[in-house]
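Good morning, and thank you for the time on the agenda. I would ask you to keep the sequence and the structure in view while I speak.

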Amino acid sequence: MNLKKVVITGLGVLSPLGNDTASTWKAMLQGKSGAAPVTHLDVSNFRTQFACEVKNFDISLLLDKKEARKVDPFVQYALWAADEAMRDAAFNMEKEDHNRMGCIWGSGMGGVRSFQDSAAEWALGDGIPRFNPFIVTKLISDIAAGHISILYGLKGPNYATNSACSSSSHAIADAFNQIRLGKADVMIAGGSEAAIEAMGIGGFNAMHALSTRNDDYLHASRPFSKNRDGFVLGEGAACLVLEEEQHARARGAKIYAELAGEGMTADAYHITAPDPNGEGAGRVMRLAMEDAGIQLGEVNYINAHGTSTPLGDIAELNAISHVFHDSLDHLYISSTKSMTGHLLGAAGALEAVVCVLAIRDNIIPPTINHAEDDVDDAINPALNIVFNQAKSTRVDCALSNTFGFGGHNACLAFRRLEC
(Lines give C-alpha, C1' and ligand atoms only; values in the text may rest on other atoms or scores of the structure.)
Protein backbone atom coordinates (compact mmCIF):
# COMPACT_ATOMS: atom_id res chain seq x y z
CA MET A 1 0.00 0.00 0.00
CA ASN A 2 1.27 3.46 -0.90
CA LEU A 3 0.95 5.32 2.39
CA LYS A 4 0.95 9.09 2.54
CA LYS A 5 3.62 10.95 4.55
CA VAL A 6 2.29 12.89 7.56
CA VAL A 7 3.84 16.08 8.93
CA ILE A 8 3.13 18.40 11.86
CA THR A 9 2.23 21.95 10.89
CA GLY A 10 0.68 23.37 14.05
CA LEU A 11 1.19 23.11 17.83
CA GLY A 12 -0.92 24.28 20.75
CA VAL A 13 -0.36 23.87 24.50
CA LEU A 14 -2.03 24.78 27.77
CA SER A 15 0.04 23.38 30.63
CA PRO A 16 0.97 23.90 34.28
CA LEU A 17 4.13 25.61 32.98
CA GLY A 18 2.52 28.05 30.56
CA ASN A 19 -0.57 28.93 28.59
CA ASP A 20 1.00 28.45 25.18
CA THR A 21 3.65 26.37 23.48
CA ALA A 22 6.50 28.89 23.72
CA SER A 23 6.17 29.61 27.44
CA THR A 24 5.77 25.93 28.29
CA TRP A 25 8.85 24.97 26.28
CA LYS A 26 10.92 27.78 27.81
CA ALA A 27 9.98 26.69 31.34
CA MET A 28 10.81 23.07 30.54
CA LEU A 29 14.26 23.94 29.26
CA GLN A 30 14.83 25.94 32.43
CA GLY A 31 13.81 22.96 34.55
CA LYS A 32 10.89 24.63 36.31
CA SER A 33 8.28 22.78 38.33
CA GLY A 34 4.57 23.46 37.81
CA ALA A 35 3.62 22.04 41.21
CA ALA A 36 1.93 24.19 43.84
CA PRO A 37 -0.76 23.90 46.53
CA VAL A 38 -4.20 23.27 45.04
CA THR A 39 -6.05 26.57 44.77
CA HIS A 40 -9.57 25.99 43.44
CA LEU A 41 -10.90 23.56 46.04
CA ASP A 42 -10.34 22.77 49.70
CA VAL A 43 -8.04 19.75 49.97
CA SER A 44 -6.99 20.25 53.59
CA ASN A 45 -8.37 16.81 54.52
CA PHE A 46 -6.73 14.99 51.60
CA ARG A 47 -3.44 13.12 51.87
CA THR A 48 -2.20 15.06 48.84
CA GLN A 49 -2.73 18.81 48.90
CA PHE A 50 -0.80 19.95 45.82
CA ALA A 51 -0.93 19.45 42.08
CA CYS A 52 0.22 20.92 38.79
CA GLU A 53 -2.68 23.25 37.95
CA VAL A 54 -2.90 25.54 34.93
CA LYS A 55 -2.34 29.12 36.04
CA ASN A 56 -3.95 32.45 35.13
CA PHE A 57 -6.24 30.72 32.65
CA ASP A 58 -8.96 33.03 31.33
CA ILE A 59 -11.39 31.31 28.98
CA SER A 60 -13.17 34.63 28.39
CA LEU A 61 -10.34 35.47 25.98
CA LEU A 62 -11.78 32.73 23.75
CA LEU A 63 -15.41 32.15 24.79
CA ASP A 64 -18.05 34.50 26.17
CA LYS A 65 -19.42 33.71 29.64
CA LYS A 66 -22.64 32.16 28.35
CA GLU A 67 -20.82 29.70 26.08
CA ALA A 68 -18.15 28.96 28.70
CA ARG A 69 -20.82 27.86 31.20
CA LYS A 70 -22.01 25.20 28.76
CA VAL A 71 -18.70 23.33 28.69
CA ASP A 72 -16.58 21.56 31.28
CA PRO A 73 -13.02 22.80 31.91
CA PHE A 74 -11.57 19.86 29.95
CA VAL A 75 -13.39 21.19 26.87
CA GLN A 76 -12.29 24.76 27.57
CA TYR A 77 -8.71 23.52 27.73
CA ALA A 78 -9.16 21.61 24.46
CA LEU A 79 -10.52 24.64 22.63
CA TRP A 80 -7.67 26.79 23.95
CA ALA A 81 -4.95 24.42 22.70
CA ALA A 82 -6.72 23.85 19.38
CA ASP A 83 -7.02 27.61 18.86
CA GLU A 84 -3.25 28.08 19.20
CA ALA A 85 -2.49 25.08 16.98
CA MET A 86 -4.84 26.23 14.23
CA ARG A 87 -3.45 29.77 14.32
CA ASP A 88 0.04 28.28 14.18
CA ALA A 89 -0.88 26.14 11.16
CA ALA A 90 -2.23 29.26 9.40
CA PHE A 91 -4.86 27.72 7.13
CA ASN A 92 -6.91 29.74 4.71
CA MET A 93 -10.10 27.88 5.59
CA GLU A 94 -11.94 29.28 2.57
CA LYS A 95 -9.59 27.29 0.35
CA GLU A 96 -9.73 24.03 2.31
CA ASP A 97 -11.99 21.04 1.65
CA HIS A 98 -13.67 20.77 5.06
CA ASN A 99 -14.83 17.24 4.25
CA ARG A 100 -11.19 16.15 4.35
CA MET A 101 -10.39 17.81 7.68
CA GLY A 102 -11.19 16.13 10.98
CA CYS A 103 -10.51 15.92 14.70
CA ILE A 104 -9.70 13.03 17.02
CA TRP A 105 -9.33 13.96 20.67
CA GLY A 106 -8.41 12.02 23.80
CA SER A 107 -9.40 12.40 27.44
CA GLY A 108 -9.05 9.83 30.15
CA MET A 109 -11.69 11.18 32.53
CA GLY A 110 -13.77 13.73 30.61
CA GLY A 111 -15.98 16.16 32.51
CA VAL A 112 -14.98 15.29 36.06
CA ARG A 113 -15.99 18.64 37.57
CA SER A 114 -19.37 18.66 35.85
CA PHE A 115 -20.17 15.10 36.93
CA GLN A 116 -18.97 15.70 40.48
CA ASP A 117 -20.87 18.95 40.97
CA SER A 118 -24.07 17.59 39.48
CA ALA A 119 -23.92 14.44 41.61
CA ALA A 120 -23.36 16.53 44.73
CA GLU A 121 -26.32 18.79 43.95
CA TRP A 122 -28.55 15.74 43.51
CA ALA A 123 -27.29 14.05 46.67
CA LEU A 124 -27.78 17.16 48.78
CA GLY A 125 -31.08 18.17 47.19
CA ASP A 126 -34.69 17.51 48.08
CA GLY A 127 -35.09 14.48 45.84
CA ILE A 128 -36.62 16.42 42.96
CA PRO A 129 -34.45 15.99 39.85
CA ARG A 130 -33.15 19.37 38.75
CA PHE A 131 -30.31 18.71 36.35
CA ASN A 132 -28.54 21.16 34.12
CA PRO A 133 -29.75 20.59 30.56
CA PHE A 134 -26.10 20.61 29.46
CA ILE A 135 -24.91 18.05 32.01
CA VAL A 136 -24.63 15.16 29.57
CA THR A 137 -22.84 17.21 26.92
CA LYS A 138 -20.52 18.64 29.58
CA LEU A 139 -19.28 15.34 30.92
CA ILE A 140 -19.00 12.93 27.96
CA SER A 141 -15.41 12.56 26.84
CA ASP A 142 -16.13 12.76 23.10
CA ILE A 143 -17.59 16.25 23.31
CA ALA A 144 -14.25 18.09 23.00
CA ALA A 145 -13.77 16.64 19.53
CA GLY A 146 -17.31 17.67 18.69
CA HIS A 147 -16.79 21.27 19.82
CA ILE A 148 -13.54 21.56 17.86
CA SER A 149 -15.16 20.23 14.70
CA ILE A 150 -18.06 22.67 15.04
CA LEU A 151 -15.75 25.61 15.71
CA TYR A 152 -13.74 25.07 12.53
CA GLY A 153 -16.34 23.34 10.39
CA LEU A 154 -14.37 20.10 10.16
CA LYS A 155 -16.55 17.48 8.47
CA GLY A 156 -14.09 14.60 8.22
CA PRO A 157 -13.40 11.89 10.83
CA ASN A 158 -14.49 13.06 14.28
CA TYR A 159 -14.43 11.05 17.49
CA ALA A 160 -12.71 10.53 20.84
CA THR A 161 -10.25 8.00 22.20
CA ASN A 162 -10.27 6.85 25.81
CA SER A 163 -7.44 4.63 27.02
CA ALA A 164 -6.56 6.27 30.35
CA CYS A 165 -3.12 7.88 30.19
CA SER A 166 -2.62 6.72 26.60
CA SER A 167 -5.77 8.46 25.33
CA SER A 168 -4.22 11.36 23.45
CA SER A 169 -1.39 9.25 22.01
CA HIS A 170 -4.01 6.93 20.59
CA ALA A 171 -5.88 9.96 19.25
CA ILE A 172 -2.74 11.14 17.45
CA ALA A 173 -2.03 7.64 16.14
CA ASP A 174 -5.56 7.30 14.79
CA ALA A 175 -5.41 10.74 13.16
CA PHE A 176 -2.07 9.83 11.63
CA ASN A 177 -3.58 6.70 10.11
CA GLN A 178 -6.55 8.58 8.68
CA ILE A 179 -4.17 10.80 6.73
CA ARG A 180 -1.67 8.21 5.56
CA LEU A 181 -4.49 5.97 4.37
CA GLY A 182 -5.77 8.84 2.25
CA LYS A 183 -9.01 9.36 4.18
CA ALA A 184 -8.18 12.92 5.24
CA ASP A 185 -5.76 15.71 4.39
CA VAL A 186 -5.71 17.45 7.77
CA MET A 187 -6.43 16.19 11.28
CA ILE A 188 -6.47 18.06 14.57
CA ALA A 189 -5.37 15.65 17.28
CA GLY A 190 -4.54 15.90 20.95
CA GLY A 191 -6.00 15.61 24.40
CA SER A 192 -7.19 17.50 27.44
CA GLU A 193 -7.78 16.74 31.09
CA ALA A 194 -9.17 18.65 34.07
CA ALA A 195 -9.18 16.08 36.86
CA ILE A 196 -7.72 18.13 39.73
CA GLU A 197 -10.97 17.71 41.62
CA ALA A 198 -12.04 15.91 44.77
CA MET A 199 -12.80 12.76 42.79
CA GLY A 200 -9.47 12.89 41.00
CA ILE A 201 -7.27 13.58 43.99
CA GLY A 202 -9.28 11.40 46.34
CA GLY A 203 -9.50 8.52 43.91
CA PHE A 204 -5.79 8.44 43.16
CA ASN A 205 -5.01 8.88 46.87
CA ALA A 206 -7.14 5.83 47.60
CA MET A 207 -4.99 3.90 45.12
CA HIS A 208 -1.81 5.21 46.78
CA ALA A 209 -0.77 6.50 43.36
CA LEU A 210 -0.06 10.15 44.24
CA SER A 211 2.96 11.64 45.96
CA THR A 212 2.19 12.95 49.44
CA ARG A 213 5.17 15.29 49.77
CA ASN A 214 3.02 18.22 50.87
CA ASP A 215 5.98 19.92 52.52
CA ASP A 216 8.18 19.62 49.43
CA TYR A 217 5.77 19.78 46.51
CA LEU A 218 8.23 21.41 44.10
CA HIS A 219 10.38 18.28 44.24
CA ALA A 220 7.60 15.72 44.60
CA SER A 221 7.60 14.49 41.01
CA ARG A 222 10.94 12.70 40.78
CA PRO A 223 10.92 10.05 38.06
CA PHE A 224 13.68 7.42 38.25
CA SER A 225 14.79 8.46 41.74
CA LYS A 226 15.03 5.91 44.52
CA ASN A 227 12.74 7.80 46.90
CA ARG A 228 9.93 8.54 44.45
CA ASP A 229 6.55 8.01 46.06
CA GLY A 230 4.00 8.53 43.30
CA PHE A 231 2.98 10.93 40.58
CA VAL A 232 1.79 14.52 40.81
CA LEU A 233 -1.59 15.18 39.23
CA GLY A 234 -1.55 17.67 36.35
CA GLU A 235 -4.06 19.24 33.99
CA GLY A 236 -4.16 21.03 30.67
CA ALA A 237 -4.25 20.26 26.96
CA ALA A 238 -2.04 19.88 23.91
CA CYS A 239 -2.85 19.81 20.22
CA LEU A 240 -1.02 18.89 17.03
CA VAL A 241 -2.16 19.71 13.52
CA LEU A 242 -1.30 16.71 11.32
CA GLU A 243 -1.23 17.18 7.58
CA GLU A 244 -0.47 15.16 4.48
CA GLU A 245 2.97 16.32 3.34
CA GLN A 246 2.09 17.37 -0.21
CA HIS A 247 -1.00 19.20 1.02
CA ALA A 248 1.19 21.11 3.48
CA ARG A 249 3.84 21.93 0.87
CA ALA A 250 1.24 23.06 -1.66
CA ARG A 251 0.01 25.76 0.69
CA GLY A 252 3.49 26.75 1.86
CA ALA A 253 3.00 25.58 5.43
CA LYS A 254 5.69 25.62 8.09
CA ILE A 255 6.64 22.00 8.83
CA TYR A 256 7.98 21.08 12.27
CA ALA A 257 8.70 17.37 11.78
CA GLU A 258 7.31 14.13 10.41
CA LEU A 259 5.11 11.77 12.41
CA ALA A 260 6.62 8.62 10.97
CA GLY A 261 5.11 5.71 12.88
CA GLU A 262 2.99 4.44 15.73
CA GLY A 263 2.77 1.38 17.91
CA MET A 264 -0.04 0.04 20.10
CA THR A 265 0.08 -2.95 22.45
CA ALA A 266 -1.49 -4.28 25.63
CA ASP A 267 0.26 -5.67 28.69
CA ALA A 268 -2.62 -8.11 29.41
CA TYR A 269 -1.10 -8.31 32.89
CA HIS A 270 -2.86 -6.22 35.60
CA ILE A 271 -5.48 -3.50 35.81
CA THR A 272 -3.03 -0.88 37.18
CA ALA A 273 0.45 -2.40 37.52
CA PRO A 274 2.71 -2.70 34.47
CA ASP A 275 4.36 -5.91 33.41
CA PRO A 276 7.54 -5.68 35.54
CA ASN A 277 9.65 -6.90 32.63
CA GLY A 278 8.27 -4.17 30.40
CA GLU A 279 7.29 -6.66 27.69
CA GLY A 280 4.38 -4.60 26.36
CA ALA A 281 6.36 -1.39 26.61
CA GLY A 282 9.28 -2.87 24.72
CA ARG A 283 7.07 -4.33 22.03
CA VAL A 284 5.24 -1.04 21.46
CA MET A 285 8.52 0.81 20.87
CA ARG A 286 9.64 -1.86 18.41
CA LEU A 287 6.35 -1.63 16.55
CA ALA A 288 6.54 2.17 16.29
CA MET A 289 10.06 2.03 14.92
CA GLU A 290 9.19 -0.77 12.51
CA ASP A 291 6.17 1.21 11.31
CA ALA A 292 8.36 4.27 10.77
CA GLY A 293 11.25 2.42 9.17
CA ILE A 294 13.55 3.70 11.91
CA GLN A 295 16.53 1.62 13.03
CA LEU A 296 17.50 1.26 16.69
CA GLY A 297 20.64 3.35 16.28
CA GLU A 298 18.71 6.25 14.74
CA VAL A 299 16.66 7.10 17.84
CA ASN A 300 18.24 9.99 19.76
CA TYR A 301 15.57 10.74 22.36
CA ILE A 302 12.81 8.97 24.25
CA ASN A 303 10.31 11.05 26.15
CA ALA A 304 9.53 8.44 28.77
CA HIS A 305 6.14 7.88 30.33
CA GLY A 306 8.12 8.23 33.56
CA THR A 307 5.35 9.05 36.03
CA SER A 308 7.45 8.77 39.22
CA THR A 309 5.74 5.62 40.46
CA PRO A 310 7.83 2.85 42.04
CA LEU A 311 6.75 0.11 39.61
CA GLY A 312 6.15 2.00 36.38
CA ASP A 313 9.48 3.77 36.07
CA ILE A 314 11.57 0.63 36.40
CA ALA A 315 9.40 -1.42 34.06
CA GLU A 316 9.78 1.22 31.33
CA LEU A 317 13.54 1.56 31.79
CA ASN A 318 13.87 -2.22 31.73
CA ALA A 319 12.05 -2.22 28.41
CA ILE A 320 14.29 0.52 26.98
CA SER A 321 17.41 -1.32 28.15
CA HIS A 322 16.23 -4.51 26.50
CA VAL A 323 15.15 -2.95 23.20
CA PHE A 324 18.14 -0.62 22.77
CA HIS A 325 20.79 -2.72 24.49
CA ASP A 326 23.30 -2.30 21.64
CA SER A 327 22.42 1.34 20.87
CA LEU A 328 22.44 3.13 24.23
CA ASP A 329 25.49 5.32 23.71
CA HIS A 330 23.74 8.15 21.88
CA LEU A 331 20.20 7.56 23.18
CA TYR A 332 18.93 10.06 25.75
CA ILE A 333 15.89 9.71 28.01
CA SER A 334 13.92 12.19 30.07
CA SER A 335 10.57 12.50 31.78
CA THR A 336 8.98 15.93 31.50
CA LYS A 337 6.31 14.84 33.99
CA SER A 338 8.87 15.84 36.60
CA MET A 339 7.90 19.42 35.65
CA THR A 340 4.33 19.24 34.34
CA GLY A 341 2.97 16.51 36.56
CA HIS A 342 0.89 13.79 34.96
CA LEU A 343 -1.78 15.16 32.63
CA LEU A 344 -3.42 11.73 32.40
CA GLY A 345 -5.27 11.54 29.07
CA ALA A 346 -3.55 14.71 27.83
CA ALA A 347 -0.04 13.56 28.72
CA GLY A 348 0.70 11.86 25.42
CA ALA A 349 -0.21 14.91 23.36
CA LEU A 350 1.88 17.25 25.49
CA GLU A 351 4.85 14.91 25.33
CA ALA A 352 4.41 14.50 21.57
CA VAL A 353 4.78 18.28 21.31
CA VAL A 354 7.93 18.00 23.42
CA CYS A 355 9.40 15.47 20.99
CA VAL A 356 8.62 17.72 18.03
CA LEU A 357 10.28 20.71 19.70
CA ALA A 358 13.30 18.62 20.73
CA ILE A 359 13.80 17.79 17.05
CA ARG A 360 13.27 21.39 15.97
CA ASP A 361 15.71 22.85 18.49
CA ASN A 362 18.16 19.95 18.99
CA ILE A 363 17.74 20.04 22.74
CA ILE A 364 16.39 17.60 25.30
CA PRO A 365 14.46 18.88 28.33
CA PRO A 366 15.54 17.45 31.68
CA THR A 367 14.13 15.18 34.32
CA ILE A 368 14.29 17.48 37.33
CA ASN A 369 14.36 16.76 41.08
CA HIS A 370 17.14 14.19 40.91
CA ALA A 371 19.92 14.01 43.50
CA GLU A 372 23.15 12.03 43.22
CA ASP A 373 22.41 10.24 46.50
CA ASP A 374 18.93 9.26 45.30
CA VAL A 375 19.86 6.90 42.48
CA ASP A 376 17.67 3.82 42.13
CA ASP A 377 19.96 0.79 42.10
CA ALA A 378 17.49 -1.03 39.83
CA ILE A 379 18.24 1.35 36.94
CA ASN A 380 20.69 0.21 34.29
CA PRO A 381 23.69 2.57 34.70
CA ALA A 382 24.28 2.46 30.94
CA LEU A 383 21.10 4.48 30.34
CA ASN A 384 21.66 8.15 29.53
CA ILE A 385 18.94 9.87 31.55
CA VAL A 386 19.04 13.66 31.22
CA PHE A 387 18.84 14.86 34.82
CA ASN A 388 18.26 18.41 36.10
CA GLN A 389 19.62 20.38 33.11
CA ALA A 390 18.60 20.37 29.46
CA LYS A 391 21.07 18.80 27.05
CA SER A 392 21.94 20.22 23.63
CA THR A 393 22.45 17.41 21.14
CA ARG A 394 21.37 16.47 17.64
CA VAL A 395 17.86 15.01 17.67
CA ASP A 396 16.74 13.46 14.39
CA CYS A 397 14.39 10.78 15.73
CA ALA A 398 12.35 10.78 18.94
CA LEU A 399 9.89 8.40 20.57
CA SER A 400 7.04 9.35 22.89
CA ASN A 401 5.88 6.61 25.27
CA THR A 402 2.54 6.52 27.06
CA PHE A 403 1.12 3.70 29.17
CA GLY A 404 -2.34 3.64 30.75
CA PHE A 405 -4.20 1.82 33.50
CA GLY A 406 -5.64 -1.31 31.94
CA GLY A 407 -2.32 -2.10 30.25
CA HIS A 408 -2.79 0.23 27.26
CA ASN A 409 0.54 1.09 25.60
CA ALA A 410 1.17 3.58 22.81
CA CYS A 411 4.33 4.90 21.18
CA LEU A 412 4.68 7.66 18.59
CA ALA A 413 7.80 7.97 16.39
CA PHE A 414 8.82 11.41 15.16
CA ARG A 415 11.54 12.20 12.63
CA ARG A 416 13.23 15.28 11.25
CA LEU A 417 11.92 16.00 7.77
CA GLU A 418 14.72 17.15 5.54
CA CYS A 419 13.71 19.53 2.73
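**A cavity, a helix pair, a loop and a pocket**

About 40 Å³ of space lies in the largest cavity. Before I go on, please note that this is a predicted model, in which local features need pLDDT of at least 70, side-chain atom pairs count only at pLDDT 80 or more, and totals for chains, interfaces and linings use all residues. Residues are numbered from 1 along each chain as its sequence is written, and side-chain values use heavy atoms, with hydrogens and water left out.

A cavity here is a set of points, on a 1 Å grid over the protein atoms alone, where a 1.4 Å probe fits but cannot get out; lining residues have an atom within 4 Å of a point. Volume is the space filled by probe spheres set on the points, which are joined across faces, edges and corners.

Which residues line the largest cavity? They are Val13, Thr21, Thr24, Trp25, Met28, Leu350, Val353, Val354 and Leu357. By class, this lining has 7 nonpolar, 2 polar and no charged residues. Ala, Val, Leu, Ile, Met, Phe, Trp, Tyr, Cys and Pro count as nonpolar, Asp, Glu, Lys and Arg as charged, and the others, Gly among them, as polar.

Helix 1 and helix 13 each supply at least two residues of that lining. Helices are DSSP runs (H or I, at least four residues), as are strands (E, at least two), numbered from the N terminus. Helix 1 (residues 21-29) packs against helix 13 (residues 347-361) at about 75 degrees, with the axes 12 Å apart. The pair is therefore roughly perpendicular, a term covering 65 to 115 degrees. Thr21, Trp25 and Met28 of helix 1 meet residues of helix 13 including Val353, Val354 and Leu357; contact means heavy atoms within 4.5 Å.

I turn now to Gly306, in the loop between strand 9 (301-303) and helix 11 (310-323). Gly306 counts as buried because its relative accessibility is 0%, the limit being under 20% relative accessible area with a 1.4 Å probe, protein chains only. Beyond its neighbours within four places in sequence, Gly306 contacts Pro223, Phe224, Asp313, Glu316, Ser335 and Lys337.

Finally, the largest pocket has a volume of about 700 Å³. A pocket is an open set of points with protein on both sides within 12 Å along at least five of seven lines. Its lining comprises 45 residues, with Thr272, Ala273, Pro274, Thr309 and Phe405 nearest the centre. Helix 11 gives the most to this lining, with 6 residues.

Definitions and conventions
Axes are lines fitted to C-alpha atoms, for helices over the stretch in contact, and angles run from 0 to 180 degrees between N-to-C directions. Angles under 35 degrees count as roughly parallel, over 145 as roughly antiparallel, 65 to 115 as roughly perpendicular and the rest as oblique. Buried means under 20% relative accessible area, exposed over 50%, partly exposed in between (1.4 Å probe, protein chains only).
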